[in-house]
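Some labels on a structure deserve a check.

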Amino acid sequence: MTSVAEAPGGVLAEPEYRVEGRDKVTGAARFAADVAMPGMLHAAFVASPYPHARIVSVDVSAARALPGVRAVLTGADTKPQRFGRRLQDWPVLCSDRALFIGDRVAAVAADTLQIAAEAARLVEVEYEELPAILATDAALAEGAPVLHPDAGSYAFLGGTRSAPPHPNIQGHGVREHGDVEAGFRASFRVYEHTFAVPRTHQGYIEPRAALVWLDGETVRVVTTNKTPFSLRNHMSVSLGIPESRIVVDAGHIGGDFGGKGLSLDEFALYHLARATGRPVRAVTRYADDLQATNSRHAGTITLRTGVDRVGRILAHTSKVVFDGGAYAAGKPVATLMPGDAMLTLAGYRVPAARVEAMTVYTNHVPAGHARAPGQPQNAFAAESHIDLIARDLGIDPLELRERNVVRPGDVDVTGQPWHGTDGAELLARLRGSSRYAPSLAPEGRPNWWGWGVALGVRHVGRGKASLVLRTLPAGRVELRTGVSDQGGGAHTLFQRIVSAELGIGLDRVAVVRRTTDAVPNDPGVGGSRVTPVQGTAALDAARKLKARLAALGRSLEDAGELEVTGEAAQEAHEASMYAYVLAVTVDSETGQTKIEDATLVADVGTVINPVALRGQLEGGFAFGLGQAVMEELRVEDGRVVTANLGDYKLPTIADMPRLGIELMTERPGPGPFGAKSVGELANPAVGAAVANAVQDACGSRVMSLPITAEKIWALLPAKQSR
Amino acid sequence: MTFDYHEPRSLAEALDLLGRHGDDAHLLAGGTATVILMRQGLLRPGHVVALRAVAELGGVSRTADGGLRIGAMATHRQVERSADALAYSPALVDAFASVATVRIRNQATVGGNLAHADPAQDPPPMLAALGATVTVRSPRGERTLPVDGLAVDHFTTSLAHDEVITEVLLPPIEPGTREAYLKFLPRTADDYATVSVAATMRLADDGTIAHARIVLGAVGPTPIRARRVEDAIRGQPTRRIGDAIAMIADDVDPVDDLRGSAVYKREMARVWTGRALAQLTR
Amino acid sequence: MKFTHAATVAAPRDKVWARLMDIPAAARCVPGVASVRPSGTDKYQGTLAVQVGPVRLVLDGDLVVTARDPSSGTASIRADAKDSRVGGAIRAAMDLALSEKEGQTELRIATDLAVMGRLGEFGQAVIKRKADQLMQDFAECLARQVIAR
């Protein structure tokens, strides 16, 4: 299948209208929590208050006796079933031990949510507290309790789990290329820095929700899961039901940001639906979402890099230790690490490197995927590290990056030749479009105005997908897909691609989403995949239809009933680059930072949805800004203490500075008409850009996220004398 | 959790309901705090007495003496957009406009805000700094008490259970008085304050400080009156302010939380009090 | 969350010790404690009512003296209590230490408090301040009682 740059039709030059926009603004759009069934029951869960405890006994008699309660289930009813996206290590309900505060011990179905919640309170659980592991080094210490002694019996989807070097390690990887020791020996200077990154939440506004019922032998699931076919697979393996008997309906999703690939409730809801013969729905309270789903990984990242006299990188080693929490279930990749856990010096020429990364079991809230998994952590570390090196060498930080940035064909930190953006051109564009002029003021002589640079890299999504295009009367066509639109604009993208390729008006292209039984298998939303993978399948479908029409000698108007399946297998290892320049001011008395000006240059290839693309970049910046300066899912003694959105603050439009965006569109990507991916392109590097600008402004170098006013203030040299 | 919902049409009817159900009744004004507590399961009243239909509790208007009356059920947004409130004191409008988001301000009421007694709220310090009083009704009659001192602890006021705030009265502002409300927001624009400062000040003809009242939010279990600083600068030339505000550290009583450590908040109380006073003497 | 409180009593150590180890009497020094009665050796059962504004909690639970050493003047107490209406629990581990200096006894209490379940979702600042207040009141009340005797 070819999908490389052909001049897109005129329709793509116009800003888009969202296919689902009218339904959303009029309130007609139906979200999972809006779906109700006749006779539907409501679920509530009993959660462990301890980070690590043996379940001695569970007494459900008082809960069962409450009028309106239809079923109360415990781990004894669901064991040994566990779920997960790759490693199924998360019990449907705990039967033996609870491994984090919020781990589910019992589930209730009742006539109303209030009764279900009341019944959950009446479940008496006797716990025996066990020593809790609340730090990664404690998990790996001699004599640490093994949190998953039966790991060998857990299902691992689509392959075999590689044996971890320690029973409390979820996933581990080492990658080496070049002669690292020789590189360090030849270095003029070797720098080592350690950075800390906190747990953060994806921050979607729509809460998780699921509704499950039995329709004869078929299990029907309405869900907020953004990968419905994967959920069908997870449920099939976990519950022992053939996929052919599970139908998943994932409609509009009110934000995902990487978090909604993992489902928690659906498995217990199935048991409740079976036990009661009724549909059962659960809508997660946001407090529970923050405390007990799957956050972004907290971690410690140590980077060591050797450079020559002019600052060229000669050798690099890194060690990334992520707190995986109680279960690895949230991670879909076979390494059981966040996708880019090992990308510790992305975007640079690295002749020799040894990278080690791991995720570790602890008694904390499980960690899973979040927008650009692993990247905000590594980009914060790497781009802070590069800046520290530049400042120590007395080289302008942008200049040091220009000396080291990858160009096509260079070997990067992965040891592979780079296939992506020409980094030198990107930085040249950045220099040109920003008013970059760092002060490089020596510490102790701050001028309270500073410039920060940071660059980032994100792969273009890979994978396989298919969708169906069929003709309708009056020259119209309908595209049927299993892709749920989580707000990114997928359906609009498909419509525009088909419209452009067939040369017909947008009003003649309908896009419909169908449940898992009615469309071909689809990998779902995530991994920067929709545009390059499903978008390519949409283009393929349009081309196939064109070919069929040509072969039949018909026009669309007299096409009759035709149906084609568009397919895509995007395996190219392509990556895009982006970079920021931020200008900040720092309040000399409070440490408060204000971003005065922001410039983003991003290599995006061909633009299909111009409005959504800009929205993804601006939204990515806002998302990154939140993680840069305010977001932290704080835990104390194993408990998430930021249990509401008043304490866990997310930025709003009122917090957005002016952001100038320059798009690089010349180099085509592997997606339709030469498109690339932008959904996870803009957020990871914001943290380091802020940290770098803050140091330039006032000398305070913050080595951990978030970069709060107080952290900056505490580092101000002149603080005491003021 | 079930409860009976009452919507009395008059204050008398509301007081009667409170009297009848005692501790089991909870007043509902705008609901922005109460509904959250109820949804969390922390507040479980048997009777909810909603005041939305009690017309006599509304309104924002100037009083005959040049002061301002704010009905207890006036929303934050109504105060924020009131020409009378703006003419009375722009700083008062600033304080109401600083609260959360416009969605919250459209719903939250002035009386509800004072009764909830959240020490991190914006309006109470400003109302206290302006010398506001609340009128309170109960079956025993009516009484008036100052906003300064109304809150006695976290979420706790000196009001008896059967007392209802009916209005807030602001006295006329003496000519030459200036007011300021500053809110330190190191995270988002819609956050609670890390520290907030409400201040009023009037200079005498000789340039000395004739009147100063300083009330801080979010640095104690209630709004905190910076009496030591007030006493130290009264009658003094404005250049003495710089030294005096160091005393703020003894007036405030912050705790470590997500908005900052106690050490940081203490220092920020000093910095922001200095800024507020600088603005008033500029 | 961890706290340390101290109070100085103008009385010799053994007198303070005796008062402290009369658990039902000492517990009444915690504002809101309704009743504390023995339920076994070094075990007590009791109720603590706490009010924060409109939020009223009634914590039912056990208090266990897990260690006591009159010679060093130290004791450890563990309290577990829950509120079944709200659906939450607290657990406190307290280490008490008495030291005498010039006829005065200093009481030091180190508390490690865990607030669990829905209760823990109440603002952390409020919980900290309330717990801090309770323990300080306890230490001061105890000091007053010893002197009064």
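Angles under 35 degrees count as roughly parallel, over 145 as roughly antiparallel, 65 to 115 as roughly perpendicular and the rest as oblique. This is a predicted model: local features need pLDDT of at least 70, side-chain atom pairs count only at pLDDT 80 or more, and totals for chains, interfaces and linings use all residues. Residues are numbered from 1 along each chain as its sequence is written, with chains lettered from A and ligands numbered from 1 in the order in which they are written.

Q: Why are α10(A) and α16(A) called roughly parallel to each other?
A: Helix α10 (residues 375-393) of chain A and helix α16 (residues 686-698) of chain A pack at about 30 degrees. Angles under 35 degrees count as roughly parallel, so α10(A) and α16(A) are roughly parallel. Their axes lie 7 Å apart.

Q: Which residues of α10(A) and α16(A) meet?
A: In α10(A), they include P376(A), A379(A) and F380(A). In α16(A), G687(A) and A688(A) are among them. Contact requires C-beta atoms, placed from the backbone, within 7 Å.

Q: What radius of gyration would a compact globule with 722 residues have, and what does chain A have?
A: The globule would be near 27 Å; chain A has 26 Å, which agrees. The radius is taken over C-alpha atoms, and the rule is 2.2 Å times the number of residues to the power 0.38.

Q: What percentage of the contacts in chain A between residues at least 6 apart in sequence join residues at least 24 apart?
A: The share is 82%.

Q: What ipTM and pTM does the predictor give the complex?
A: The ipTM is 0.96 and the pTM is 0.95.

Note on methods
Contact = placed C-beta atoms within 7 Å. Axes fitted to C-alpha atoms, helices over the stretch in contact; angles between N-to-C directions. Helix = DSSP H or I, 4+ residues; strand = E, 2+ residues; numbered from the N terminus.
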